[in-house]
Amino acid sequence: MRRYAKLYWEFAKNQMKVMMEYRIDFIIGVLSVMLEQFASIFFIKVVFNHIEQINGWSFYEILFIYGIAATGRSIHHIFFDNLWTLGWQYIRPGQLDRLLIRPINPLFHIVADRLHQDGFGQLIIGLIILGTAIPQLDLAWGAVEIALLVVMIISSGMIFVAVNLFFATFSFWMIDSLPVVWAVFNLSDFARYPLTIYHKGIRTFLTWIIPYGFTAFYPAAYFIDKSGFRELALWTPAVALVCCVIAYSFWNRGLRSFASTGS
Amino acid sequence: MNKYWQIAKVRMQEDTAYSAWYWAGTVSSILRLLVIYYFWQAVYSNRSAIQDIDLETMITYIVVAMLLQGFVGGVGQDLAENIKNGNVAIELMRPYDLIYKMFAVDLGSKLMHLIRGTIPMMLVAFFFMDIPFPGSVEAWLLFIISAGLGLWIGTFFDFLVGVLAFWTVNIWGVRVLKESLVTFFSGALIPISLFPDWLRVITEFLPFQAMVYLPVSIYSGMISGTEAYLAVGLQLFWLISFYVLVRVIWAQAVKQITIFGG
């Protein structure tokens, strides 16, 4: 464990050097993601200029859901972004073989290979959204609540990671599963809004099959009393853990049956 | 002319070769339609109109805007990669005008997208979401002209963004930046008439609304009559300005290649 922590630090230091080398690009990356998020929030704001609530949810409550999703996703974006590239950067060109003969966990190696600059923009905007929404929500904030919010956000991030890892693993059989990963990732768009606005089938799917509901809506619902999802919301960390275990076992399975592309 | 058409055809064949991406794109579009549908149902759950726009018109606007936005991109990505890996130098020596070649490639992929992506999705929207077609033949014709102009403006703009690759390394970042700007100001997310006043005024002076907002407003009947013809005129103005800009900036950029001995 200590060895891996130290290794990660070494990897990260190199990544940081690269980032500082291209400073303008770092700023472009951060700004671009911030603007992207800002556009979606502005969209919600414009809608709320004309109405007071959606399905019983006020502007700041929706902002709160959004903020949890954005912050959770930033964990995934900063630290685990390289999972996207498994197919075209590692398996197709035969790079994965290089990692397999090294004395460290190949998944760790792939993840540590990249620290994504643009994720920081996401993190900043996520925190800004949370900072804007929370004071307007009329909630009592104690140490317990803050700790719980942090746990919820980390769980949210880990669910994003687990789902991406699970579908990226298909690359072992189909060489590059990026289209699948991308299509599944788009499902997380549903999670921006209260799940109660959707048809029951969609809600069940996003709760029990691909649990994006736990990346934002349920955690937010825990803090907003009236929602009636408090008990389910408390399961968020457990859901995240189960997802990670399933995804990692699947990854190991894929790795065992992996026959290189050969070159 | 014939050589450019051949290039477009090759691109169409290339696009059909990657069916995984096609299916992923189709699934994602259907998911987005679902999100749009439920979101706006919820917004309209206890009111019949927002600023004179009823639910049907709103969903029509949003869905058509979403489909149209799929065409607003262009060749910027290809161009940027060509610049980055130096291929642009070889491309420039080939016996065609690189700009026309790029637009031919773009035309090929857009035609394919129209046939395989947009038309099926339009039918899905028509049958399952009751999205109506434009009210009159005149509106249909104006929409087709206006949409064509809008896409062209979008393609030119994308080209200009692609040329930026001469000056920056983070191509991905620039693209996301461009996508957000376009999504935001083109009215792809929400009709611009709902923007707060100050922002609406700014937006009306920007070229982005000509890409999506104007054609879709004509489609959904939010703009009609003289106003619609004025909108098309405004699009023409932007199209010509962008063409001039593309030529000028490209001439500058090509000079830069020779300086670095590419």
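Predicted model: local features only at pLDDT ≥ 70, side-chain atom pairs only at ≥ 80, totals over all residues.
**Stop 1: chain A**

Select chain A and switch to a cartoon view. Which kinds of element does chain A hold, helices or strands? Chain A has 14 helices and 0 strands. Follow the chain from its N terminus and the order is α-α-α-α-α-α-α-α-α-α-α-α-α-α.

Now zoom out to take in the whole chain. Chain A is as compact as a globular protein of its length, because its radius of gyration of 19 Å is close to the 18 Å that the globule rule gives for 263 residues. Show the C-alpha trace. Along its principal axes, the trace of chain A spans about 60 × 45 × 35 Å.

Next, look inside. What percentage of chain A counts as buried? The value is 41% of the 263 residues. Then turn to the contacts within chain A. Take those with a separation of 6 or more: 78% of them join residues 24 or more positions apart.

**Stop 2: where chain B touches chain A**

Show both chains and color them separately. How many residues does each chain bring to the contact? Chain B gives 32 residues and chain A gives 34 residues.

Stay on the chain B side. Select residues 19-43 of chain B, which form α2, and residues 171-185, which form α8. These are the elements of chain B that give two or more residues to the side touching chain A. Which element gives the largest share? It is α2(B), with 13 residues.

Color that side of chain B by residue type. Its residues divide into 22 nonpolar, 8 polar and 2 charged.

**Stop 3: the loop between β1 and β2 of chain B**

Move along chain B to β1 (49-50) and β2 (53-54), and center on the loop between them, where Q51(B) is found. D52(B) lies in the loop between β1 and β2 as well.

Check the backbone angles here. Most residues other than glycine have a negative phi. Q51(B) is not glycine, yet its phi is positive, near 45°. D52(B), also a residue other than glycine, has a positive phi near 70°.

Last, ask about the surroundings. Is Q51(B) buried or exposed? Q51(B) counts as exposed, because it has 9 C-beta neighbours inside 10 Å and the cut-off for exposed is 12 or fewer. D52(B) is exposed too, with 8 other C-beta atoms within 10 Å.

Conventions:
Residues numbered from 1 in each chain as written. Chains lettered and ligands numbered in written order. Contact = placed C-beta atoms within 7 Å. Helix = DSSP H or I, 4+ residues; strand = E, 2+ residues; numbered from the N terminus. Nonpolar A, V, L, I, M, F, W, Y, C, P; charged D, E, K, R; others polar. Rg over C-alpha atoms; globule rule 2.2 N^0.38 Å. Buried ≥ 20, exposed ≤ 12 C-beta atoms within 10 Å, placed from the backbone.
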